[in-house]
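User: I have a structure here and would like to talk through its fold. Can we go over it piece by piece?

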Amino acid sequence: MNIYEKIARELKKNPRADAFAVEEKLGMEEVGRVKSSMQKNMLRAARNPHRETYPYVAFQRQIERRIAHDVGKGARVETPPEEADADFAIPCFFLAKEKKKNPHAAAQEVAAAVKRAEFPFVLSVAAVGGYANVKLRDDALAQETLKAVAELGDVYGASQEGKRKIILLDYSHPNVAKPMSVGHLRSTIIGASLKRLYEFQGYAVIGINHLGDFGTQFGKLLVAYERWRDDAAFKKDPIKEMLRLYVKFHEEAEKDLALEERAREAFKKLEEGDPELVSMWLEFCIMSVSEFDGIYRALGVDIDLVLGESFYQRKLAAVIERSLKEKAAVKNDDGSVAVNFEEEKLPSYLLQKKDGSSLYATRDIAAAEFRLKEFAPEKIIYVVGGEQTLHFKQVFATLERLGHDKKLFRHDPFGLISLPEGKMSTREGRAVFLEDLIEEAKRRAYDIVSQKNPELSEAEKKDIARAVGIGAVIYSDLSQSREKDIIFTWEKALSLEGASAPYLQYVYARAMSILRKAEKTISEADAAHTSITTQWEAKLIRRIARFPETIRECTAGDHPHILATYLNALAQDFNRFYNEDSVLNAEGDTKTTRLLLVSSTAHVIKNGLHLLGIKTLERM
RNA sequence: GCGCCUAUAGCUCAAUUGGAUAGAGUAUCUGCCUUCGAAGCAGAGGGUUCCAGGUUCAAAUCCUGGUAGGCGCACCA
């Protein structure tokens, strides 16, 4: 049961109660529930198997330390381009300058220091121009890496970096009374993936859905509902009917200017708790949330706490009062309350309208303060479109004036998604709805499965179509860095070839197929016998070894696309290996090594896709 | 007018945040299924990294000034 249904039930029992006070009370119960499950998760996470460091990074650090000790601080170990034929490169220009030598001489000095250390995992060291290049011993890297994957399996790549740290992630936040469109896809999918990525690194993450369930738009809807509703249509498809009413309102408002004023009044009355308006409003919310839940289920999106903007309604007066007292805001002559900036170089904005009703920013500030108080997080991350960058700058600056550390808040903006014919507008009927996108994705994937594997049962085909179709939608979004604008096309969003979800799922299915056919089961102990003999094996093991650091890079700047790109490269390495080196026909240590490589690739693909929110399939 | 974001192969995007000869997919052309799944693999062609200056041993990346597109700039969210 969602919170709006609970409010409605409570109001039925006690019709004279203040709806928003009831919401506050019920919301606190939700918060309590989330807190206790968060504590349980933290305890469990602390016991999760993990590694403090993984082989590849461990080697890198040891070399770094040695150079710092023998030659000088400040040298960084990097990954050279492929042509350099090395695993680590240390650019020595900086050291050269410091020691007043030429770069090549400095590189020679660094190379000599690494050589002197006689690391068992180092094969060779060479000074090339201003770089010192280090090549690792294939077998040393392979043995340690394959052992780590075999040992950790589904948690290979995980860490405890975020142990005992709490992160609040604010994402998705669709608007009640409107269908979710592809405009909400990015926030939802990026947020859900970041949640998994942070959790994988030991953070306790609370995914919050700050529903757009309040504001003047509801005044509009309430007015339209009273005047033009079609009860039969509402019963049949409430969201469609709400959409129709919303569009209708704007058409009528063009002709009748008084309508906007009616809407503002209606919203004011709603804010004050008018029972009749509240009950209509609750009905809109109940219908919408159940629709959203269906979409979240389809997309595999996990959200812990759903609290709409309305939840903060009874906290706003205190926020405004305190803002005035702390001199963060000023009261204008007309009764509105404004926040003005000077040294911050930001435009002013309003916390309260002249009629006394609230605004989006007020609710965001109340929400932020509430979250800080209840959860004591390390950080609150807002996954919200770039068009709201200014809004968040203003809100964060205001929160700072109210005494909160600015470093607690982060806005992860992403580019606008629009259609080839222009900006999306629900109002003007120019939008692609998520429900339709998901259906179309499944349909296209189904056609392809049926064509490629007609012998599969109907149920299997449907399962595969769901995983592939939805996976494709998620992958196409997550594979590009979030700050760029996207022009939506069905072609792009549902691409099933090239760098796409099915390409990765296919690698997983092939790997699993080999493992099924192998008469030998492999285990952790086999890792001791690995021996790398071909260049394809050598490339593949290096890729697998770098998975843990890839995870870390993703959360460094909240960029899941780094993982998406990595997985595609891994799949390419695997496919080359698969084509060149036969696994089942190999013998002895070579066969063991290759089986381990296959099972490790499968694990990494599975873990990686899971972090992006994409399902893997044993067969497809 | 001011602010933020973006500009890389015909098209869609990457590029270890200042590192070596800028890489993938797609499209085009050419090969590979009697051997682990061809939703695959190999190869070819394709670049003034928007323009002009500057900083640096080193610039797609940083600075300055332009150009083009997108998004914002108090009683919407």
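Predicted model: local features only at pLDDT ≥ 70, side-chain atom pairs only at ≥ 80, totals over all residues.

User: OK. Which domains does the assignment give for chain A?

Analyst: The assignment gives domain 1 as 3-46 + 161-214 + 273-418, domain 2 as 55-141 and domain 3 as 434-612. The C-alpha centres of domain 1 and domain 2 are 49 Å apart.

User: Let's do strands. What is the order in the sheet with S1, S2 and S3?

Analyst: That open sheet of three strands runs S1-S3-S2, with antiparallel pairing. Strand S1 (88-91) and strand S2 (122-128) are the edge strands, each pairing on one side only. On average, neighbouring strands of this sheet are turned by 15 degrees against each other, direction ignored.

User: How many bridges are there between S2 and S3?

Analyst: Six bridges, in the antiparallel sense, with S3 covering residues 131-136. One of the residue pairs is Val128 with its bridge partner Tyr131 in S3.

User: Next, S5. Is it buried or exposed?

Analyst: Strand S5 (residues 204-209) is mostly covered, and six of its six residues are buried.

User: Which residues of S5 point which way?

Analyst: Ala204, Ile206 and Ile208 point one way, Val205, Gly207 and Asn209 point the other way, and all are buried.

User: Which strands does S5 pair with, then?

Analyst: Strand S4 (residues 166-170) is joined to S5 by five bridges, and the two run parallel. There, Leu168 has Ile206 in S5 as its bridge partner. S5 also pairs with strand S6 (residues 305-306), in the parallel sense over two bridges. In that pairing, Leu305 in S6 is the bridge partner of Ile208.

User: What sits between S4 and S5?

Analyst: Helix H7 (residues 185-200) belongs there: S4, H7 and S5 make a right-handed β-α-β unit.

User: Back to Leu305. Why does it count as buried?

Analyst: Leu305 counts as buried because it has 22 C-beta neighbours inside 10 Å, and the cut-off for buried is 20 or more.

User: And how far is Leu305 from Lys99?

Analyst: Their C-alpha atoms are separated by 57 Å, and the two residues are 206 apart along the chain.

User: What about S10? How much of it is buried?

Analyst: Four of the five residues of strand S10 (residues 379-383) are buried, and the strand is mostly covered. S10 pairs with S4 in the parallel sense over four bridges. In S10, Ile381 is the bridge partner of Leu169.

User: Which residue stands opposite Ile381 in S11?

Analyst: Arg410 stands opposite Ile381 in S11. The chain goes from S10 through helix H15 (residues 389-401) to S11, in a right-handed β-α-β crossover. S10 and strand S11 (residues 409-412) pair in the parallel sense over four bridges.

User: Where do S7, S8 and S9 go?

Analyst: They form an open sheet of three strands in the order S7-S8-S9, with antiparallel pairing. Its edge strands are strand S7 (330-331) and strand S9 (349-352), each pairing on one side only. Two bridges join S7 to strand S8 (residues 337-339), and the bridge partner of Val330 in S8 is Ala338.

User: Now backbone angles. What is phi at Lys345?

Analyst: Lys345 has a positive phi of about 55 degrees, although it is not a glycine. For context, most residues other than glycine have a negative phi. Lys345 is in the loop between S8 and S9.

User: Why is Lys345 called exposed?

Analyst: Lys345 counts as exposed because it has 7 C-beta neighbours inside 10 Å, and exposed means 12 or fewer.

User: What about Ala376?

Analyst: Phi of Ala376 is positive too, near 45 degrees, in a residue other than glycine. Ala376 lies in the loop between helix H14 (360-375) and S10. Ala376 is exposed, with 8 other C-beta atoms within 10 Å.

Note on methods. Residues numbered from 1 in each chain as written. Chains lettered and ligands numbered in written order. Pairing = 2+ DSSP bridges. Axes fitted to C-alpha atoms, helices over the stretch in contact; angles between N-to-C directions. Domains from an automatic or database assignment. Right-handed = clockwise from strand over helix to strand, strands pointing away.
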